[in-house]
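Please keep the sequence and the coordinates in view while reading.

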Amino acid sequence: MIAAQLLAYYFTELKDDQVKKIDKYLYSMRFSDETLLDIMGRFRRELENGLGRDTNPTATVKMLPTFVRSIPDGSEKGDFIALDLGGSNFRILRVKVSHEKKQTVQMESQIYDTPEDIIHGSGTRLFDHVAECLGDFMEKQKIKDKKLPVGFTFSFPCAQSKLDEGILLTWTKRFKASGVEGMDVVKLLNKAIKKRGDYDADIMAVVNDTVGTMMTCGFDDQRCEVGIIIGTGTNACYMEELRHIDLVEGDEGRMCINTEWGAFGDDGLLEDIRTEFDREIDRGSLNPGKQLFEKMVSGMYMGELVRLILVKMAKEGLLFEGRITPELLTKGKFETKHLSAIEKSKEGLKKAKEILTRLGVEPSHEDCIAVQHVCAIVSFRSANLIAATLGGILTRLRDNKGVPRLRTTVGIDGSLYKMHPQYSRRLHKTVRRLVPDSDVRFLLSESGSGKGAAMVTAVAYRLADQARQIKETLDEFRLTHAQLLEVKKRMRTEIQNGLGKKTHETATVKMLPTFVRSTPDGSENGDFLALDLGGTNFRVLLVKIRSGKRRTVEMHNKIYAIPIEVMQGTGEELFDHIVHCISDFLDYMGMKNARLPLGFTFSFPCKQTSLDAGVLINWTKGFKATDCEGEDVVGLLREGIKRREEFDLDVVAVVNDTVGTMMTCAYEEPTCEIGLIAGTGSNACYMEEMKNIETVEGDQGLMCVNMEWGAFGDNGCLDDIRTQYDRAVDELSLNAGKQRYEKMCSGMYLGEIVRNILIDLTKRGFLFRGQISETLKTRGIFETKFLSQIESDRLALLQVRAILQQLGLDSTCDDSIIVKEVCGTVSRRAAQICGAGMAAVVDKIRENRGLEKLDITVGVDGTLYKLHPHFSRIMHQTVKELAPKCYVTFLLSEDGSGKGAALITAVGCRLREQEQQN
């Protein structure tokens with residue numbers, strides 16, 4: 001017993017001794033975490049250099065865009081072929097992805113030989129060989145008559161400008177076929193297939209094996225956004241934000257970047273950690289000075305590194321009692337698979353003895369321990385270096401996402417990682433130490449890069465099909481110049497109908513006379529009250545207008561809410577509430593005793609018979625108060641004031657907010673003769689010749705006409721440009737069949753149109769993984785302000801995702817791009833048809849005046865016009881294109897419904913006095 005313990009003790013001592021000796025000898029191959037973090041930082045900078053437009057040409061880490069924009073989302077299906085060319089074997093697979101209960105993948109594959117003479121022959125022969133094997137495979141699968149989508153895994157550095165091209169930069173891995181470098185391998189393969197003429201194939205994607213690995217793993221785990229190969233060679237790819245990739249147009253979404261990290265250090269950046277053994281390996285290689293990082297870490301070189309170390313140690317008498325044999329001196333005699341065998345924990349030493357004995361060095365037990373430790377240091381260094389570069393990618397992903405903790409999956413393939421007994425454990429451990437603020441899952445790629453190529457093709461196929469269908473859907477909203485001219489022409493017809501005596505009754509665009517006969521001339525003076533009723537809030541204002549050299553307008557106001565039960569109760573309740581608010585305001589201003597002139601902004605369709613009489617035609621915007629439609633609202637207001645018996649007011653004018661908008665701008669700018677509201681609702685007014693307004697007596701001068709153009713199209717004249725989504729929004733609204741033009745171009749409805757499109761696209765599986773959230777089902781949830789936010793140019797997709805998350809929509813990058821496109825399409829159409837309506841108005845005024853060219857100003861108000869990032873620009877552009885003979889200036893109105901009402905009242909008082917004097 002004692003003897004056995006002594007023996008064990010002796011061996012432990014011996015082992016410790018040997019280990020220490022080797023540690024000291026190879027100290028330059030062992031890195032502290034500090035060094036590894038430093039290497040990680042260097043690699044991060046290299047990543048950035050590779051991505052930058054100016055730094056890429058000289059960067060060693062090439063960061064090649066792959067045009068793979070999306071990982072599998074689980075909805076892919078179809079029948080695909082994958083070609084995998086990248087080593088001594090050439091594999092062809094048929095991959096069937098189907099959806100019964102869950103997504104399943106069936107694969108059949110065949111391996112073909114690529115003989116040495118073909119690898120080193122001409123490019124033509126190589127691709128003829130590939131095409132011949134593919135023909136044979138299709139024959140056996142009985143699919144020669146089908147044109148299946150093909151994915152091509154081509155594991156050599158390629159430059160791509162789209163998914164289905166790959167321009168070979170340089171051959172690696174013993175391949176040397178002539179006339180291929182600098183050529184597009186897809187073209188070469190297509191040419192070879194065409195030449196045969198016995199089958200057809202649709203090559204949709206060229207993929208690097210690293211990308212293939214990421215996609216294979218991405219199929220099983222949608223969090224996978226990094227792919228790594230640690231085998232004969234090494235490389236990595238990951239999903240980068242498109243806005244950081246200078247070499248590719250566009251900044252929406254993500255794209256997979258093939259780093260080609262094997263070349264890290266080719267510019268001398270790793271000289272301080274390379275050893276004499278690394279330099280010797282490099283000198284003896286096929287490509288001296290190139291792929292220096294790969295030569296320190298990959299399976300192709302590790303066995304050779306160990307052999308060189310053993311030779312040197314033997315020469316110095318530290319091993320094998322100084323014995324050096326011809327075998328030990330032969331390049332390639334010590335392979336990486338030997339390294340894996342020697343490092344096995346149980347039979348490692350036994351294997352070491354066998355392998356070293358074959359090399360003829362007659363190893364002692366101490367020699368075997370020492371060699372095992374040399375192997376461990378070399379393979380540990382490899383795992384550490386890979387952990388450092390992977391750490392660089394992970395921290396970059398974390399920063400791109402702006403999250404404190406990264407959750408992600410890394411797909412891995414490669415013989416070294418799979419076969420070496422300790423490698424994967426060491427790699428995982430070091431990564432967790434270097435990047436503590438991340439939860440990384442390492443996923444072994446089961447079926448290599450072939451399935452990955454099929455997945456890339458499946459995703460490309462899904463995205464192409466999806467893009468086509470989404471485009472078809474959104475094309476209904478994209479109006480041509482001819483269609484917009486037609487909208488303008490029809491608006492012009494409806495304007496005529498509204499103005500004509502015979503057609504007015506049946507006209508949809510009512511062209512209501514407002515009895516506002518003049519815009520302000522600057523002589524207006526006095527104190528005026530204004531009421532503003534047009535939505536859920538009600539305002540009372542006191543407006544002090546002073547004429548003279550320094551014209552001033554001073555305003556005081558108070559805002560009151562209108563509860564929903566009052567909006568939808570009786571008319572008496574509504575007007576009692578209004579009078580109660582006026583009473584409160586007059587108390588607040590201390591003006592109960594003065595009998596002030598009042599202008600009442602009432603933003604609902606009214607038929608006016610004079611400036612101070614307006615009969616409500618119908619409620620809009622959610623109002624439903626009874627006993628008001630068909631009544632004079634000024635009368636209802638006067639009765640409410642009488643019932644209260646507290647104060648008296650002189651109601652001079654009932655005003656539409658659109659007219660108020662025109663008047664406010666006209667006070668500042670005399671050429672303003674048109675008013676436009678583009679906000680919650682949409683409407684316009686303009687100064688029309690009295691002789692054209694057949695519904696009012698008199699031919700002299702002008703009068704402002706309130707168009708009430710929101711009802712344009714209620715007679716069906718816009719049905720050819722209305723979509724199923726417009727119809728759905730209309731059918732579910734409070735006033736189905738009414739205000740159809742307004743429902744296509746006003747803020748109240750745009751979000752609802754978008755919501756309907758999103759639901760449809762989700763049902764069809766193009767968005768949110770086909771999951772319709774409860775929120776998305778809620779009417780009115782997608783407010784128009786979200787459109788403005790989402791379409792803002794400054795917003796990165798992350799922020800779009802944040803907005804969608806508020807709505808309970810868990811969106812991917814791809815979802816966000818689609819949502820942004822939907823919003824843009826809907827608001828663009830709104831701006832264009834609004835512009836077409838305006839073009840009809842300005843051209844009518846030009847023709848009224850018999851002018852070749854018209855200069856005119858439009859006063860505009862409304863949240864959509866003011867807050868949406870593109871609406872105003874697109875609308876201006878449309879007016880310019882459809883009414884080229886009119887120079888139209890748009891002026892933002894300051895408070896048309898308050899200040900405007902006071903100005904109309906002031907003008908009304910001025911004209912009333914003039915009449916009394918006459």
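Which side chain meets that of Lys 899 in a salt bridge? The partner is Glu 668, at 3.7 Å from N to O; a salt bridge here is a side-chain nitrogen of Lys or Arg within 4 Å of a carboxyl oxygen of Asp or Glu. The model is a predicted one, in which local features need pLDDT of at least 70 and side-chain atom pairs count only at pLDDT 80 or more, whereas totals for chains, interfaces and linings use all residues. Residues are numbered from 1 along each chain as its sequence is written, and side-chain values use heavy atoms, without hydrogens and water.

Lys 899 belongs to helix H30 (residues 896-917) and Glu 668 to helix H20 (residues 657-668), so their pairing ties together parts 231 residues apart in sequence; helices are DSSP runs of H or I with at least four residues, strands are E runs of at least two, and both are numbered from the N terminus. Lys 899 is buried at 11% relative accessibility, while Glu 668 is exposed at 52% (buried: under 20% relative accessible area; exposed: over 50%; partly exposed: in between; 1.4 Å probe, protein chains only).

A second salt bridge joins Arg 595 to Asp 648, with the closest N and O atoms 3.1 Å apart. Arg 595 is exposed, at 52%, and Asp 648 is partly exposed, at 43%. By the stated rule, the count of salt bridges comes to 75.
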